[in-house]
Amino acid sequence: MISLKQIASINLPTSWATFRLLGFEGIKFVGEKESTETALALIHGDISSTTAPLVRIHSQCMTGDVFHSLRCDCRDQLHHALQRIAEEGAGVLVYEHQEGRGIGLMEKLRAYELQEKGLDTIEANLRLGHSVDMRDYILATEILRFLDIRSLRMMTNNPDKINAVSAAGIEIVERVSVDIAGGPHSARYLATKREKLGHLLNLSDRSPGAESPVSR
Ligand SMILES: [Zn+2]
């Protein structure tokens with residue numbers, strides 16, 4: 001169960017387009033325990049003008065999104081999604097603060113340390129006592145419902161996100177893949193996401209080391 005509150009609504013001009021940025025706070029109740037989570041919704045254009053707007057749920061990755069880390073494909077996916085939404089003229093990006101598949105930034109850095117000793121991203125999380133993926137998408141799907149989105153086209157390679165949106169009663173009329181050309185630093189991470197987390201990546205279709213994002 002979650003109690004959703006809109007905190008603020010501002011204009012956000014970006015290099016892709018101008019978005020309406022809404023800040024949300026969700027208070028979750030699990031039994032007696034209460035926890036607070038925040039997320040942003042970046043809305044471009046008139047999303048009610050189409051029956052199934054383009055939507056991406058993006059999990060924060062400080063190392064990638066802010067510092068342009070090449071260890072993962074997060075920043076490329078984020079920028080690709082904003083670009084696609086700008087090109088379409090309407091869409092939503094939900095940016096939720098679940099760093100490192102939900103383990104938090106410091107734990108993610110510890111997991112990176114273990115990866116430098118030879119573990120893969122999943123083995124590292126397990127070694128630190130976390131589950132493979134701690135994220136849930138309750139706040140993100142609640143925001144989509146708040147925005148009155150009943151059907152959408154979803155930009156994702158992650159089956160867990162697809163399942164979460166469907167489980168919230170929102171119809172996914174199309175999956176728009178976000179295949180990003182990886183480089184040498186992210187090759188093992190992307191392979192692990194595909195092989196162990198079931199991500200729908202077309203790794204064989206990409207040219208090694210290519211930098212430009214490939215849509216679809
Ligand atoms: Zn990342």
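Is F24 buried or exposed? I looked up its relative accessibility: at 2%, F24 counts as buried. (Buried is under 20% relative accessible area, exposed over 50%, partly exposed in between, with a 1.4 Å probe and protein chains only.)

I noted that this is a predicted model, where local features need pLDDT of at least 70, side-chain atom pairs count only at pLDDT 80 or more, and totals for chains, interfaces and linings use all residues. Residues are numbered from 1 along each chain as its sequence is written, and side-chain values use heavy atoms, with hydrogens and water left out.

**Aromatic pair.** I counted 1 aromatic pair. (Rings of Phe, Tyr and Trp, with its six-membered ring, pair if their centres lie within 6.5 Å; planes under 30 degrees apart are stacked, over 60 edge-to-face, the rest tilted.) The ring centres of F24 and F146 are 5.2 Å apart and the planes stand at 80°, so I logged the pair as edge-to-face. F24 sits in strand β2 and F146 in helix α6, so the pair ties together parts 122 residues apart in sequence. (Helices, H or I of at least four residues, and strands, E of at least two, are DSSP runs numbered from the N terminus.) F146 is partly exposed, with a relative accessible area of 44%.

**Sheet.** I traced 7 strands in an open sheet with mixed pairing, in the order β1-β2-β3-β5-β4-β6-β7. (Two strands pair if DSSP finds at least two bridges between them.) The edge strands are β1 (2-13) and β7 (171-176), and each pairs on one side only. Strands β6 (residues 151-155) and β7 run parallel, joined by 5 bridges. In β7, V176 is the bridge partner of M155.
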